[in-house]
Amino acid sequence: YLLDSHALLWEKDGTVTDLGNLGGTEGLFGGNHACAINNQGHVVGHSDLTGYTTFHAYVWSRQTGMRDLGVFPGDFASLALSINDGGVVVGSSLSVEFSQRAVVWENGAIADLNSLIPAGSPLYLQQAKSINSSGQIAGFAVNGAGETHAFLATPH
């Protein structure tokens, strides 16, 4: 039931822009999806790669087109779910078993959010869903019992 899709940007004047893709055009993993846009018009989402073996997070702008954000080292796939006005992107990186880790992309580098929270936290951050202009990140985490919780991470 996976359908081909295109990441599109609709303008107020009715203009539609196809954001392109990272090589995959037929959608084995669901095609190309746009998930969020910031006030500068930068769009984030995920796109199948050439050969349809996986999908990666991307950031798109009129100046650069679609750029692959990659995955956390050792992982298989990634999702970009939100971008703030400073260009910081959040989402998830997935292992080959599709286990998720919450990640942040900033200044071209990816970081596991679990490495940035206090040691001994009872939560494992799985998915960073949103980031605001203050850098606060909201998402989902699990505890040792496997229960899902929302989290809000606030930078110092």
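Phe55, Phe76 and Phe98 form one aromatic cluster. The structure is a predicted model, in which local features need pLDDT of at least 70, side-chain atom pairs count only at pLDDT 80 or more, and totals for chains, interfaces and linings use all residues. Residues are numbered from 1 along each chain as its sequence is written, and side-chain values use heavy atoms, with hydrogens and water left out.

A search of the whole structure gives 2 aromatic pairs. Rings of Phe, Tyr and Trp (its six-membered ring) pair if their centres lie within 6.5 Å; planes under 30 degrees apart count as stacked, over 60 as edge-to-face and the rest as tilted. Phe55 and Phe98 form a tilted pair, with 6.4 Å from centre to centre and 40 degrees between the planes. Phe55 lies in strand S5 (residues 55-61) and Phe98 in the loop between S8 and S9, so the pair ties together parts that are 43 residues apart in sequence. Strands are DSSP runs (E, at least two residues), numbered from the N terminus.

Phe55 is buried, at 8% relative accessible area. Phe98 is partly exposed, at 40%. Buried means under 20% relative accessible area, exposed over 50%, and partly exposed in between (1.4 Å probe, protein chains only).

An open sheet is formed by 4 strands in the order S7-S8-S9-S10, with antiparallel pairing. Strands S7 (77-83) and S10 (109-112) stand at the edges with a single partner strand each, so one side of each is left without a neighbour in the sheet. Two strands pair if DSSP finds at least two bridges between them. S8 (residues 89-94) and S9 (residues 100-106) pair in the antiparallel sense over 6 bridges. Ser93 has Arg101 in S9 as its bridge partner.
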